[in-house]
Amino acid sequence: MPIYFDNAATTMVCREAADAAYNIMTENYGNPSSTHTMGRNARKALESAREQLARALGAEPAEVFFTSCGTESDNWAILSGAELMKRRGNHVISSTVEHSAVLKALDALEAQGWEVTRLSPEKDGSISAQSVLDALRPDTVLISLMMVNNETGGITDISAISKAVRRAGSGALIHCDAVQGFMKLPFKASTLGADMISVSGHKIHAPKGIGALYIKGGEKAIKLKPLIVGGSQESARRAGTEALPQIAAFGAAAELAKAKLDESQEHMKMLKARAIERLCSENEGLLVLSGDAPHILSISLPGYKSEVLMNFLEKRDIFVSKSSACRKGKRSYVLEALGLSPDVIDGALRIGFSRYNTLEELDALCNGISDAKASLKTVLGHK
Ligand code: PLP
């Protein structure tokens, strides 16, 4: 059995989600748009998954739109959100430490003539409300910030930012990439203050290839233009035959995650605290780079190479990640934005916890890291 500690990259599909997908693929496999009984049954499954997701998000079902992934949700919110607001202004606020699904969408806006302010993070990768307020202008029409940074676990207080932005009299659309926050931190879409919230299935034990965008007030409120055009699925907001196996699995995974949220949070916090305690006491010079999210622990062994440490652990069937799983071969721009030195960045490891990780697995990981440090040479050749 692999010892999997890369849960910020993706998670194992839980039994409940796999069963829900299997049922749709083998029994309830009609097209939700078909008018016969099988179509109607499939539609029922679709709407019931939407209700499950809405309950987990603290939203109304009409506010939940299924997409293919977190990336699509981010792209849709940013590109169509800006388009919707373009008559009111030309300025967007985001940060330098967003996921590339957001950064590349911002690049696309800039290429169209938009002005984008990318805020610098605090030490843990979070964004302060004050820095948003300082950047706010009368022509700011869109703000896009992540809830939890995928590399550091730094938590941005979206609720405080939304309140501050509204108090300052701004009507800018607020988008939150909550791909790493959903079902890891408790929040309710109805009180968060964001107009749009992106979430993704594969980070919460559903399969890959399913995401959702929460749009406040549903189709009647924010008239977000579809990014994908064609049929009239998802209230004519997102075309394409619904990926019902993934959608049903996402609903089941969200329901279970919601029911277990407190327990999972406590469990992951306990694992993270124990990891910090053991790793710091057993490895001189080891740095903890992490923010407060319960499921992400970022550490560094300056002078060692992340890849070499990863390979050492992999020989024991233990899986962690360098920084973000999407940044193959490049130095992390997130850790660079924190002002960390190259030797700290090059020795960084991201440990991602899930509710399924055990203490025995954690001990195996800590033993592995200590053994790696004791037996591997640093890049300078010292032990
Ligand atoms: N946003 C954040 C913060 C993420 O961590 C990720 C995935 O790693 C995404 C967006 C993209 O989500 P998906 O993999 O579902 O496209």
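**Exercise 1. Is Gln52 buried or exposed, and what is its relative accessible area?**

Before we start, note that this is a predicted model, in which local features need pLDDT of at least 70, side-chain atom pairs count only at pLDDT 80 or more, and totals for chains, interfaces and linings use all residues. Residues are numbered from 1 along each chain as its sequence is written, and side-chain values use heavy atoms, with hydrogens and water left out.

*Solution.* 
- Step 1: Find Gln52 in helix α2. Helices (H or I, at least four residues) and strands (E, at least two) are DSSP runs, numbered from the N terminus.
- Step 2: Recall the cut-offs: buried means under 20% relative accessible area, exposed over 50%, and partly exposed in between (1.4 Å probe, protein chains only).
- Step 3: Gln52 has a relative accessible area of 14%, so Gln52 is buried.
- Step 4: Look for its partners. Contact means heavy atoms within 4.5 Å. Leaving aside neighbours within four places in sequence, Gln52 is in contact with Ala248, Gly251, Ala252 and Glu255.

**Exercise 2. Check the span of helix α10 (residues 244–259), then find what covers its buried residues.**

*Solution.* 
- Step 1: The expected span of a helix is 1.5 Å times one less than its number of residues.
- Step 2: Helix α10 has 16 residues, so it should span 22 Å; its end C-alpha atoms are 22 Å apart, which agrees.
- Step 3: Pick out the buried residues of α10, among them Leu244, Ile247, Phe250 and Leu256.
- Step 4: Their cover includes α1 (15–26), α2 (37–57), β2 (64–67), β7 (196–200), β8 (211–215) and α11 (261–282).

**Exercise 3. Now do the span check for helix α15 (residues 359–375).**

*Solution.* 
- Step 1: With 17 residues at 1.5 Å a residue, α15 should span 24 Å, and the distance between its end C-alpha atoms is 24 Å, which agrees.
- Step 2: The buried residues of α15 include Leu362, Leu365, Cys366 and Ile369.
- Step 3: The buried residues of α15 pack against β1 (3–4), α11, β10 (296–300), α12 (306–314), β11 (318–319) and β12 (348–352).

**Exercise 4. Describe the surroundings of Ile78.**

*Solution.* 
- Step 1: Ile78 lies in helix α3, and its relative accessibility is 0%, so it counts as buried.
- Step 2: Ile78 and Leu142 are 64 residues apart along the chain, yet their C-alpha atoms are separated by 7.8 Å.

**Exercise 5. Which residues come nearest to the ligand, and which helix gives the most to its shell?**

*Solution.* 
- Step 1: A residue is near a molecule or strand if one of its heavy atoms lies within 4 Å of it. There are 13 residues around the ligand, and Gly70, Thr71, Asp177, Ser200 and Lys203 come nearest.
- Step 2: Helix α3 (residues 70–85) gives the most to the shell, with three residues.
- Step 3: Look at the distances to oxygen atoms of the ligand. A side-chain N or O atom of Ser200 is 2.6 Å from one, and a side-chain N or O atom of Gln180 is 2.9 Å from one. For Gly70, a backbone N or O atom lies 2.8 Å from an oxygen atom of the ligand.
- Step 4: Finish with the area. Taken alone the ligand exposes 390 Å², and the protein buries 90% of that. Accessible areas come from the Shrake-Rupley method with a 1.4 Å probe; for residues, only the protein chains shown count as cover.

How values were computed. Polar contact = N/O pair within 3.5 Å; in protein donor to acceptor, adjacent residues only side chain to side chain.
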